[in-house]
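Open the model in your viewer and get your selection tool ready. We will go from stop to stop, and at each one you will pick something new.

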2 protein chains.
Amino acid sequence: MDDKAPDRVTTISDVARLAGVSTATVSRTLSNPAIVSERARKAVLAAIDRTGYSANVSARNLRRRQAGGVLALAPNLANPFFSEILAGMSDVLGDHDMNLIVADTRIGERGRRRLVDYADRSRADGLLVLDGQIDRALVDRPNCPPVVQVCEIVAGLDAPRVVADNAGGAASAIAHLAGRGHTRIGRLSGPAGNSLTRGRDAGFRRAIAAAGLQVPAAAVVAGDFSFAAGRRAAAHLLALPDRPTAIFCDNDEMACGLLSGLHHAGVRIPRDIAVVGFDDIEMSRHLTPALTTVRQPRRRIGREAARMLLDLLAGGAARTEIMVPTELVLRDSA
Amino acid sequence: MDDKAPDRVTTISDVARLAGVSTATVSRTLSNPAIVSERARKAVLAAIDRTGYSANVSARNLRRRQAGGVLALAPNLANPFFSEILAGMSDVLGDHDMNLIVADTRIGERGRRRLVDYADRSRADGLLVLDGQIDRALVDRPNCPPVVQVCEIVAGLDAPRVVADNAGGAASAIAHLAGRGHTRIGRLSGPAGNSLTRGRDAGFRRAIAAAGLQVPAAAVVAGDFSFAAGRRAAAHLLALPDRPTAIFCDNDEMACGLLSGLHHAGVRIPRDIAVVGFDDIEMSRHLTPALTTVRQPRRRIGREAARMLLDLLAGGAARTEIMVPTELVLRDSA
DNA sequence: GCCGCGCATGTAATCGGTTGCACCAGCGTA
DNA sequence: TACGCTGGTGCAACCGATTACATGCGCGGC
C-alpha cells in the first residue's frame, strides 16, 4: 500500500526490512511460529499485514523440491460423474495447501504428449488416476510421481487404490429385485475388460445364485456405459422370446437410455420391466420414473483418494486398497 | 536411465554436462533453437533424449516472474454446466503451456480465505471469473492478476468479458413459440439481480412485443435456477385462472423441474403446455419429452475467454466484450 | 596486418524463499 | 571464574532455470 515502488510485488526481504529482522525470521514465523520470540513474531505479522505480503509459491516449491500440487487424470471432464469426486479431492488437498490440477486423458495424440509433460515431478507431487484405460507407459516412467488409482483400475498396475464396493452394490440391487419376486433378471453390462464391469459382474452372479435363480444368458447384454448403448439394449431385450422382468444396468447413463428406449416402445416401468442403475448421478433422480440405483459416495471417494495420496507422499506405508461402501437408493423404477 | 545417481531428478546441468555445452546453450536450445548451432542443438537434443530431462517449472516460473497458470473461479464445480466451459479453457491454455486451476467459490468462510491465497500473482497469471456473486473485494485487491469475466457479470465490475447472447437466445425462443400460435407465454426467470436474468428478460420482452403480444404478468415467476424452483413454479402456474400455453425458462434445470411438476399433475407436454429452456445441458436431450432449449456453445465460450485472457496478459488491448451467439435447439417439449 | 563485425557460446547474476550452521546472550552449575 | 547449555537469530548457500553481458573466433574490407 504505502510502498515506494508500487509496481513491484512485495517480497520476504521487504517484510524483513520493515519488521527489522532477517528473512530467515520471517520465513520461520510463517512456517513454524513456535520457534520465534513473541516480539519478533508480532513485528513480522504486523509487517505482513501492512504490506499484504504473500509468499511466492515458485520460490518456495523450488527450494523445497516439491510441486505443491497433485494431478488428477480423468477421462471426459464434462462427465458430471467425475466432478464430485474431484471436488472431494479438492477439499482435502486444499486443507493441506495443495493444488488440484485436472487433465483430460481422452484428447488425442497431441494431448498425450502434453500429459507426459504434466505427469512430472516438478509439476505434480502425485497422481490421482481416474481412468482405467490410461496408457501404462505414462505411469511406469522412471520419474513419474506416486500414483493412487481411483474407482477404475489400470490393468496390471499395482498401485494403491480407492474403489467403491462394486460387487456389494450390484448384489444389493439384485437382492432387492429378487425380494420383489423377480426371477428373470437381465443385465446391461459395461465393456468386458473394465474393472468396474468385473466387480459388478461378480456381485450380480453371486446374488443371483444366493437367491436360487439362474442367470438368463440371452438377457445379459454388453454395453459401453453410454446412453446410446442403453437405447440399443432396449431394442434387443424387447425382441427376446423370454423377456426379463427386471434389468440391472452397470451405470445410470445406460439405465437412462434403456428407460428412454423402453418408454418409446410403450413398456411401462416398473410394472412391465423394472430397471436398476449404478452410480446415482444427478440426472437419475429427475427422470420419470425416478431411477432406483446404487449410489457411490463420490465426494467421499475423492476425499479418501486424496488422503491416501497424501499419506503416500508423507512416506507413510499407506494401505494398498480402500473399499468404500455403496448404498441402494430406492426410487420408482423398481 | 543410465545415470549414476538414480534417485535425483535430472537437471539442466546434467544435460549440459552430457552434451558438452553450458546450461545456457541447453536453455536456448529449448526456448529458441534457431540461435544455437546445429552441432550444439543435436548434442543437446540427444542428451535430453537419453536422460528424459524436462525442465523444472518452479525454477522457470521463478526466474520468469510468472505463474504459468490461470485460475478459474466457478460456483459449484459439480454443476455440469461449467465443466464444458472449463474444458474449452483448458484446450486453449494447454496450447500455450499454461495450467488451468479451478476453484470453487461457494465453500464458506474458510474457503474464502483460501481463495484470496489462490488469486495471487505468484500462483495465477490471470483470473477467469464464472461467478457473478463473487466478492468484489477479491478482484479489487491491489495485486490481483488480470480478470476476464465469463457468462455472468459481477455487478459494477468493469473487466473484459465473454458472454452468450442471452437476449438474442431468449428472443428466438419466444419467436418460435409465437410462430406456433402461442399467445399467452409465461416465464420462469432467474434471480432478480443476476446478469443472465436481465439479458434473458430483455430478449423475452422485446420478442413478445415484436410478436404483438402482451406479457401475462401473473405468469412471470421468479425462480433461482434450481430444479426445485421448477417444481414450485409448476404448482403456481397450474393454479392460475388464465393458464399460459407456453413457458420460457431461464435455464434447463428449472425447465426440467417444471416438466417434472407438470407431468405429475397430468399435464401433457407440449400439447397442453409447451416448455422451452436455456443452456442445453446434457440432461435436456434425455428427458421425456426431450427439452426444446437455447444452446449456449459452452466449449467455445471457454475458449474465447481463455484467448481473451491470454491477449490481455500479452499486453494486447483486448476487446472488452465478446458476445457468443446462441442457437435454438428444437426438440419435443415445444 | 589490422580493425570491426557478427555469430555462437560461456560466465555468472538473478528470481524469492528455506534452512544448515554459526553465533551470541543469558543463565545455571561446578 | 570457567564452562556448558539453550533459545533466538542472522548469514549465506542452495533450489534449477533464464538471460544480460562478456568472450572468442572467423571472416571480409581496407
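**Stop 1: a pair of residues, then a sheet**

Select Arg295(A) and look across to β12(A): opposite Arg295(A) stands Glu327(A). Keep in mind that this is a predicted model.

Strand β10 (residues 292-295) of chain A and β12(A) are joined by three bridges. The two strands run antiparallel.

**Stop 2**

Select strand β1 (residues 69-74) of chain A and β2(A). They run parallel, with six bridges between them. Pick Ala74(A) and find its bridge partner in β2(A): it is Asp104(A). Next, trace the chain from β1(A) to β2(A). The path goes through helix α5 (residues 80-95) of chain A. This β-α-β crossover is right-handed.

Stay with β2 (residues 99-104) of chain A. Is this strand mostly covered or mostly open? It is mostly covered, with five of its six residues buried.

**Stop 2: the domains of chain A**

Colour chain A by its domain assignment. Domain 1 is 12-55, domain 2 is 68-164 + 299-325, and domain 3 is 166-296. Then compare domain 1 and domain 2 of chain A: their C-alpha centres lie 36 Å apart.

**Stop 3: DNA strand C**

Select DNA strand C and the 28 residues around it. Which residues come nearest? They are Ile12(A), Ala24(A), Ala59(A), Ser22(B) and Ala24(B). Now colour by element. Those giving two or more residues to this surface are α2 (23-31) and α4 (57-64) of chain A, plus α2 (23-31), α3 (38-51) and α4 (57-64) of chain B. The largest share, six residues, comes from α2(A). Colour by class to see 12 nonpolar, nine polar and seven charged residues.

**Stop 4: DNA strand D**

Move to DNA strand D, which 28 residues surround. The closest are Thr11(B), Ile12(B), Ala24(B), Ser27(B) and Ala59(B). Which helix gives the largest share of the surface near DNA strand D? It is α2(B), with six residues. By class, this surface has 12 nonpolar, nine polar and seven charged residues.

Definitions and conventions: Residues numbered from 1 in each chain as written. Chains lettered and ligands numbered in written order. Predicted model: local features only at pLDDT ≥ 70, side-chain atom pairs only at ≥ 80, totals over all residues. Near = placed C-beta within 6 Å. Helix = DSSP H or I, 4+ residues; strand = E, 2+ residues; numbered from the N terminus. Nonpolar A, V, L, I, M, F, W, Y, C, P; charged D, E, K, R; others polar. Domains from an automatic or database assignment. Buried ≥ 20, exposed ≤ 12 C-beta atoms within 10 Å, placed from the backbone. Pairing = 2+ DSSP bridges. Right-handed = clockwise from strand over helix to strand, strands pointing away.
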